[in-house]
Amino acid sequence: AHTHCKRKLHFNVCVVTLVSLFSPQVPKRQPTTLVTGAEDIAHYEEASECVEELAQYLKPLSNSRGHTSSAQSSLSRPMQRKLVTLVHCQLVEEEGRVRATRAARSLGERTVTELILQHQNPQQLSSNLWAAVRARGCQFLGPAMQEEALKLVLLALEDGSALSRKVLVLFVVQRLEPRFPQASKTSIGHVVQLLYRASCFKVTKRDEDSSLMQLKEDFWTYEALRREHDSQIVQIAMEGGLRIAPDQWSSLLYGDQSHKSHMQSIIDKLQTPASFAQSVQELTIALQRTGDPANLNRLRPHLELLANIDPSPDSPPPMWELLDTGLVAVKTVVHGLVDFIQNHSKKGSDPQQPPQHSKYKTYMCRDMKQKGGCPRGTSCTFAHSQDELEK
């Protein structure tokens, strides 16, 4: 009977939340019988109101003709997914309160990431990323060439074969040159160094001779090796204070938009409990550079409160006051993000901004090579110079 009452109460809260998305007449929440004490009831009521207000961002928006369009949502898909998780938490249950505080923390962390993305210059993002990669003695050669190089490393070291770094690099260069004339021992050596940093090799030292390198058995498939390779680049970006969205990662590393889920899973795996607090510091630095015209610095205390929430699933159930303050904090920062996007963000609002192509130019233009000119000009999807090809 006790469980039935809790389910009925959560059902009432969900009904209030869901009906509010589609009707201006919002039913009143039923009085609670499972939350005792005037203060606890007040905290429960305020926490529930926060969830209901946040759920309004899931409401379908109408365009100028009155038709609903999911493309016009105020929040990104990752934010919407995290918000749905929060709405489904049963606040009257201890487990539900634990999940709600974790969901609030996750929403806050994603909010910081999106605010950092809003303050980055997309034109400088890729150059800053590859500069950070080169600073560590590594290199990314473009989606097509990098993929071929990694597959050749696998071919050379398949089934546990061992080679010196020099022999491995020469093997890859010789196989790449017919298709990629720009391949060099230096550039391929930097790709091997990226895998070395990712701890993909088992190195055997030899007296008075070069060390031998073997691929660890965990990386004998392209999928496993590529995931570790991509994880290393994402980690370098995070260490350099760069925040890159999964769709941007997909374009940068694969030249398409079909690897967003793959990149999101890598980002999630690299997140640590300390990542949230670090992101808050990075946002503060970004706001100092811009002068913070939208006064986003007012969100910092709320973000720090959310960052201090224990994300462990084994953490004890929060007191009603902590749940209340956590949900008030996440409501405040999400409102701040939406306000910034709607009223202060310049991304996508400049009609003079040239379109950004998501694909790389990995081949030379035939017209340019044979005729010395190309009728397509800058809109050509092939490279017109060696510099453009390497970029």
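Biologist: Is Arg226 buried or exposed?
Modeller: Arg226 counts as buried, because its relative accessibility is 2% and the limit for that class is under 20%. Please keep in mind that this is a predicted model.

Biologist: Which element is Arg226 found in?
Modeller: Arg226 is found in helix H9.

Biologist: And what does Arg226 touch?
Modeller: Setting aside residues up to four places away in sequence, Arg226 touches Phe140, Glu147, Leu150, Leu253 and Tyr254.

Biologist: What about His229, where does that one lie?
Modeller: His229 lies in helix H9. Its relative accessibility is 0%, so His229 counts as buried.

Biologist: Which residues is His229 in contact with?
Modeller: Beyond its neighbours within four places in sequence, His229 is in contact with Phe140, Gln146, Leu150, Leu194 and Leu195. Phe140 and Leu150 are also among the residues that Arg226 touches.

Biologist: Let us turn to Val330. Where is its place?
Modeller: Val330 has its place in helix H14, which covers residues 320-343. Val330 counts as buried because its relative accessibility is 0%.

Biologist: Which residues are in contact with Val330?
Modeller: Leaving out neighbours within four places in sequence, the contacts of Val330 are Leu54, Ala104, Leu107, Gly108 and Leu306.

Biologist: How many residues apart in sequence are Val330 and Gly108?
Modeller: They are 222 residues apart in sequence, while their C-alpha atoms are 5.8 Å apart in space.

Biologist: How does that look for the protein as a whole, what share of such contacts join residues at least 24 apart?
Modeller: Taking contacts between residues at least 6 apart in sequence, 66% join residues at least 24 apart.

Biologist: And how many helices and strands are there?
Modeller: The protein has 16 helices and 5 strands.

Biologist: What percentage of the residues is buried?
Modeller: Of the 391 residues in the protein, 43% are buried. The accessible surface comes to about 21,400 Å², and carbon and sulfur atoms account for 50% of that area.

Biologist: What is the lining of the second largest pocket like by class?
Modeller: It has 11 nonpolar, 5 polar and 8 charged residues.

Biologist: Which domains does the lining draw at least three residues from?
Modeller: The lining of the second largest pocket draws at least three residues from domain 1 (10-60 + 72-120 + 294-345) and at least three from domain 2 (124-242).

Biologist: Now the backbone. What is the phi of Glu208?
Modeller: Glu208 has a phi of about 55 degrees, which is positive although the residue is not a glycine. Glu208 sits in the loop between strand S4 (201-206) and strand S5 (209-215).

Biologist: Why is Glu208 classed as exposed?
Modeller: Its relative accessible area is 86%, and exposed means over 50%.

Biologist: And Asn295, what is its phi near?
Modeller: Phi of Asn295 is near 55 degrees, again a positive value in a residue other than glycine. Asn295 is found in the loop between helix H12 (273-290) and helix H13 (300-307). With a relative accessibility of 43%, Asn295 counts as partly exposed.

Biologist: What separates the C-alpha atoms of Val167 and Ala156?
Modeller: A distance of 9.5 Å separates the C-alpha atoms of Val167 and Ala156, and the two residues are 11 residues apart along the chain.

Terms used
Residues are numbered from 1 along each chain as its sequence is written. This is a predicted model: local features need pLDDT of at least 70, side-chain atom pairs count only at pLDDT 80 or more; totals for chains, interfaces and linings use all residues. Side-chain values use heavy atoms; hydrogens and water are left out. Helices (H or I, at least four residues) and strands (E, at least two) are DSSP runs, numbered from the N terminus. Buried means under 20% relative accessible area, exposed over 50%, partly exposed in between (1.4 Å probe, protein chains only). Contact means heavy atoms within 4.5 Å. Accessible areas come from the Shrake-Rupley method with a 1.4 Å probe; for residues, only the protein chains shown count as cover. Ala, Val, Leu, Ile, Met, Phe, Trp, Tyr, Cys and Pro count as nonpolar, Asp, Glu, Lys and Arg as charged, and the others, Gly among them, as polar. Domain bounds come from an automatic or database domain assignment.
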